[in-house]
Amino acid sequence: MKRFFKPIEKDGSAKKPALFPSKKDGDNPEINNEETSKKDPLKFVSWNANSLLLRVKNDWPEFSKFVTTFDPDVIAIQEVRMPAAGPKDAPKNPGELKDDTKPSREEKQILMRALSSPPFGYYQIWWSLADSKYAGTALLVKKCFRPKKVSFSLDKTASKHEPDGRVILAEFETFRLLNTYAPNNGWKEEENSFQRRRKWDKRIHEFVVRCSEMPLIWCGDLNVSHEEIDVSHPEFFSAAKQNGYIPPNKEDCGQPGFTISERKRFGAILKEGRLIDAYRVLHKEKDMDSGFSWSGHPIGKYRGKRMRIDYFIVSEQLKDRIVACEMQGRGIELEGFYGSDHCPVSLELSETSPESDQRSISKSKES
């Protein structure tokens, strides 16, 4: 979520992670023969890092410890904020990190050192990046779980990337995994605010309906709090405004991510896509300590104001396989946020038999 009340952090220097041999971008990883029997991922983490480079410089040991302990099969990251490869005033390659200038080469080296070191060296990485240090997504998948296909647009076109690198779609044997960084709704009826978000929601809606033939796991910073239970202070967020401006449509009023119009559209996406909120399946009551994924700045009027805008949304036929879905952060002091304004969200699924896999896919095709 856009942190409109906080000054942009400066990418300062800090202690660099230890250097490990790193693979070249795009290389096919070697698969551990002992683990090739593994079928599809069961443990997932999604995290808006709010600048992956800053997290590597300042918070990497703590986040690395979390990853080592939880041991996810897939890590979906949003708001990477690393520029795509390509010289100035030339077409960019959103699937590669920029390295054509000395500063960009140094930043890429810092990042790839960290991602080549344990536990991250056990994962293959895909990028979808913006032209500048803005937005962007990354997907890390353990090398023993090679996806059948990875694409970077809601059109499922591998060579085409969404603007600002907001989508990575991986297809496994029994489900698709969609990692998205939804654009912030903003405060006004403008092209880069309300209009952009409406177009995004329309395309997501079309995607989930069109692609319902296979079970879906949709994760990421979706930039919407569906119900009042998903925010710490509903009245505060409903009345929020920027510089006194009030949109002409009452349903567009309030905090971006908590307007009535956004919440209605999100509800329609879930209903018509036959999708469910994995966290709410297991957590029916409001949890003021650890029930939110985004937290306002500890200083100022947003102190203690929190929202759940990061999700694991899954197809209805996966409901009985949900073992756990948790917000990994807690409290207003941002414990477990690892330097970001978002905490990681985790999902665990139970294993399933080949027969039930086939029934699930057949059911999706019949729906």
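Glu326 stands opposite Ser346 in strand S16; strands (DSSP runs of E, at least two residues) and helices (runs of H or I, at least four) are numbered from the N terminus. This is a predicted model, in which local features need pLDDT of at least 70 and side-chain atom pairs count only at pLDDT 80 or more, while totals for chains, interfaces and linings use all residues. Residues are numbered from 1 along each chain as its sequence is written, and side-chain values use heavy atoms, leaving out hydrogens and water.

**Exercise 1.** Determine how S15 and S16 are joined.

*Solution.* Strand S16 spans residues 345–349. It runs antiparallel to S15, with 5 bridges between them. Two strands pair if DSSP finds at least two bridges between them, so S15 and S16 pair.

**Exercise 2.** Give the strand order of the open sheet and identify its edges.

*Solution.* The order of the 6 strands is S5-S6-S2-S1-S16-S15, with mixed pairing. S5 (123–128) and S15 (322–327) are the edge strands, each pairing on one side only. On average, neighbouring strands are turned by 10° against each other, direction ignored; axes are lines fitted to C-alpha atoms, for helices over the stretch in contact, and angles run from 0 to 180 degrees between N-to-C directions.

**Exercise 3.** Locate helix H2 relative to this sheet.

*Solution.* Helix H2 (residues 60–70) packs on the sheet. Its contacts (heavy atoms within 4.5 Å) are with S1 (43–48), S2 (74–78), S5 and S16. The directions of H2 and S1 make about 160°.

**Exercise 4.** Describe the whole chain.

*Solution.* The chain contains 8 helices and 16 strands. Of its 367 residues, 56% are buried, that is, under 20% relative accessible area with a 1.4 Å probe, protein chains only.

Definitions and conventions
Buried < 20%, exposed > 50% of the residue type's maximum accessible area, 1.4 Å probe, protein only.
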